[in-house]
Amino acid sequence: MDRIVIAEGETVFKQGARGTHAYVVQDGVIEISIVGESGDVVLGTVEKGGIFGEMALISDEPRKATVR
């Protein structure tokens with residue numbers, strides 16, 4: 001398992017990207033959003049201990065949302 005540090009506001013991955021990793025939040029809050037008709041729509045957040053990005057590995061489909 002690799003460890004990466006994401007700065008506040010930095011994009012982890014974008015909607016439509018190929019999924020190659022899943023992530024665990026060690027600290028902070030991750031925002032999940034999609035591109036809507038009038039701009040970004042926030043779907044939710046993932047907090048410390050949460051996992052995100054795993055569905056692209058399971059389904060072998062592009063990322064469904066942008067995460068920052």
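**Pockets and a surface patch in a predicted model**

Reader: What is the volume of the second largest pocket?
Author: This is a predicted model, and the value asked for is computed from it. The second largest pocket has a volume of about 220 Å³.

Reader: Which residues are the closest to the centre of the second largest pocket?
Author: The lining of this second largest pocket is made up of 14 residues, which divide into eight nonpolar, two polar and four charged. Those closest to its centre are Phe 13, Gly 53, Met 55, Ala 56 and Lys 64.

Reader: Which element gives the largest share of the lining of the second largest pocket?
Author: The largest share amounts to four residues, and the element that supplies them spans residues 54-59. That element is helix 1.

Reader: Is Ile 58 buried or exposed?
Author: Ile 58 is found in helix 1, and together with Met 55 and Leu 57 it makes a nonpolar surface patch of about 320 Å². Because its relative accessibility is 63%, while the cut-off for this class is over 50%, Ile 58 counts as exposed.

Reader: Which strand supplies the largest share of the lining of the largest pocket?
Author: The largest pocket has a volume of about 720 Å³, and of the 25 residues that line it, the closest to its centre are Ile 4, Ile 6, Val 24, Val 25 and Gln 26. Strand 1 (23-24), strand 2 (29-36) and strand 4 (51-52) each supply at least two residues of this lining. The largest share, three residues, comes from strand 2.

Note on methods: Residues numbered from 1 in each chain as written. Predicted model: local features only at pLDDT ≥ 70, side-chain atom pairs only at ≥ 80, totals over all residues. Heavy atoms only, no water. 1 Å grid on protein atoms, 1.4 Å probe; cavity = no way out; pocket = protein on both sides within 12 Å on 5 of 7 lines; lining within 4 Å. Points joined across faces, edges and corners; volume = space filled by probe spheres on them. Nonpolar A, V, L, I, M, F, W, Y, C, P; charged D, E, K, R; others polar. Patch = residues over 30% accessible without salt bridge, like charges linked within 9 Å, V, L, I, M, F, W, Y side chains within 5 Å. Areas by Shrake-Rupley, 256 points an atom, 1.4 Å probe, with all protein chains shown as cover. Salt bridge = Lys/Arg side-chain N within 4 Å of Asp/Glu carboxyl O. Buried < 20%, exposed > 50% of the residue type's maximum accessible area, 1.4 Å probe, protein only.
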